[in-house]
Amino acid sequence: MVEYLVIGGSFAFAAAVQPGPLQAFLVSRVASTSWKRTLPACLAPLISDVPIALLVLLVLDQLSVNIQHVLRASGGVLLLYFAFVALRQFQRPGSVDLRHSAPRTLLDAVLVNLLNPNPYIGWSLVLGPSVLAAWREQPMYAVAVVGSFYCTMVAMLALFIYSVGTVRFLGSNGQRSLVAVSAAVLAGLGLYFIFAGVRGLMIAG
């Protein structure tokens with residue numbers, strides 16, 4: 001049991017601390033709203049990964065490389081959209097409507113993760129095989145892998161959101177600067193994913 005808890009928790013820790021689309025999106029939301037209103041977004045993997053996990057487990061060895069490229073390019077388009085939203089917030093500080101920001105932030109984070117190729121790759125190459133192997137040994141071991149992964153992932157994302165949002169020097173000017181930086185990061189990631197997806201499709205085609 002301990003072995004499977006370590007597998008799930010370790011992979012989640014590695015995935016959470018590495019920069020990626022979801023982390024860039026969270027930084028953007030913390031800067032434009034607050035860490036408290038962004039905090040529900042730490043639950044995004046619990047929601048978005050349900051269809052991902054089911055898909056990968058059903059077609060673990062049959063997932064087309066072209067599908068990964070299409071998802072990567074689609075995620076890039078979505079990231080460019082969020083970069084545009086962050087840029088507009090930078091140009092118009094104080095114009096954010098916070099009345100529905102928490103549920104909208106969670107929905108946006110779910111969309112980012114659904115179109116992020118990393119969960120698909122992670123489930124295809126690491127979690128999926130581990131869960132299937134654990135299930136064959138004993139179903140509770142499979143539950144241990146999944147449970148430890150998502151408990152660690154949610155905790156690390158919550159810590160990340162809190163850490164970003166409680167930086168002492170983050171005044172009004174600091175917030176605007178952080179919005180601008182996060183917009184640039186989101187745009188850069190978006191362009192990278194679009195380029196990588198299109199290039200992959202061209203090579204595969």
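Is Asp-108 buried or exposed? Asp-108 counts as buried, at 2% relative accessibility; buried means under 20% relative accessible area, exposed over 50%, and partly exposed in between, with a 1.4 Å probe and protein chains only. This is a predicted model, in which local features need pLDDT of at least 70 and side-chain atom pairs count only at pLDDT 80 or more, while totals for chains, interfaces and linings use all residues. Residues are numbered from 1 along each chain as its sequence is written, and side-chain values use heavy atoms, leaving out hydrogens and water.

**Overall fold**

- The chain has nine helices and zero strands, where helices (H or I, at least four residues) and strands (E, at least two) are DSSP runs numbered from the N terminus.
- Read from the N terminus on, the order of elements is α-α-α-α-α-α-α-α-α.
- Of the 205 residues in the chain, 41% are buried.
- Among contacts with a separation of 6 or more, 87% join residues 24 or more positions apart; contact means heavy atoms within 4.5 Å.

**Salt bridge**

- One salt bridge is found in a search of the whole structure; the term requires a side-chain nitrogen of Lys or Arg within 4 Å of a carboxyl oxygen of Asp or Glu.
- The partners are Asp-108 and Arg-29, with an N to O distance of 3.0 Å between their side chains.
- This pair links distant parts of the chain, since Asp-108 belongs to helix α6 (residues 101-114) and Arg-29 to helix α2 (residues 21-32), 79 residues apart.
- Arg-29 has 12% relative accessibility and therefore counts as buried, and Asp-108, at 2%, is buried as well.
- Side chains of opposite charge can pair when their charged atoms come close.

**Cysteines**

- The structure holds zero disulfides, a disulfide being a pair of cysteine sulfur atoms within 2.5 Å.
- Cys-42 is buried, because its relative accessible area is 7%.
- Cys-151, in contrast, has 59% relative accessibility and counts as exposed.

**Nonpolar core**

- The largest nonpolar core has 41 residues, of which Phe-25, Leu-26, Trp-123 and Leu-186 touch the most other members.
- Helices α1 (2-17), α2, α4 (44-58), α5 (65-91), α6, α7 (117-137), α8 (139-165) and α9 (172-204) each supply at least two residues of this core.
- The helix that gives the most to this core is α8, with eleven residues.
- Such a core is a set of buried Ala, Val, Leu, Ile, Met, Phe, Trp, Tyr and Cys residues joined through side-chain atoms within 4.5 Å.
- In soluble globular proteins, nonpolar side chains tend to be buried together.

**Surface**

- The accessible surface of the chain comes to about 10,800 Å², and carbon and sulfur atoms account for 68% of this area.
- Accessible areas come from the Shrake-Rupley method with a 1.4 Å probe; for residues, only the protein chains shown count as cover.
- Met-1, Leu-5, Met-140 and Val-143 form a nonpolar patch on the surface, with about 360 Å² of accessible area together.
- Patches are made of residues with over 30% relative accessible area and no salt bridge, with like charges joined within 9 Å and nonpolar side chains (Val, Leu, Ile, Met, Phe, Trp, Tyr) within 5 Å.
- Met-140, one of the patch residues, lies in helix α8 and is partly exposed, with a relative accessible area of 46%.

- Ser-28 is in helix α2 and counts as buried at 6% relative accessibility.
- Leaving aside residues up to four places away in sequence, Ser-28 touches Ala-86, Ser-182 and Leu-186.
- Val-85, in helix α5, is partly exposed, with a relative accessible area of 31%.
- The C-alpha atoms of Val-85 and Ser-28 are 9.4 Å apart in space, and the two residues are 57 residues apart in sequence.
- Ala-24 is also placed in helix α2 and is buried, with a relative accessible area of 8%.
- Not counting residues up to four places away in sequence, Ala-24 touches Ser-182, Val-185, Leu-186 and Leu-189.
- Ala-24 and Leu-79 are 55 residues apart in sequence, with a C-alpha to C-alpha distance of 9.3 Å.

**Helix α7**

- Asn-118 is found in helix α7 and is partly exposed, with a relative accessible area of 41%.
- From C-alpha to C-alpha, Asn-118 and Gly-20 are 8.6 Å apart in space, although 98 residues apart in sequence.
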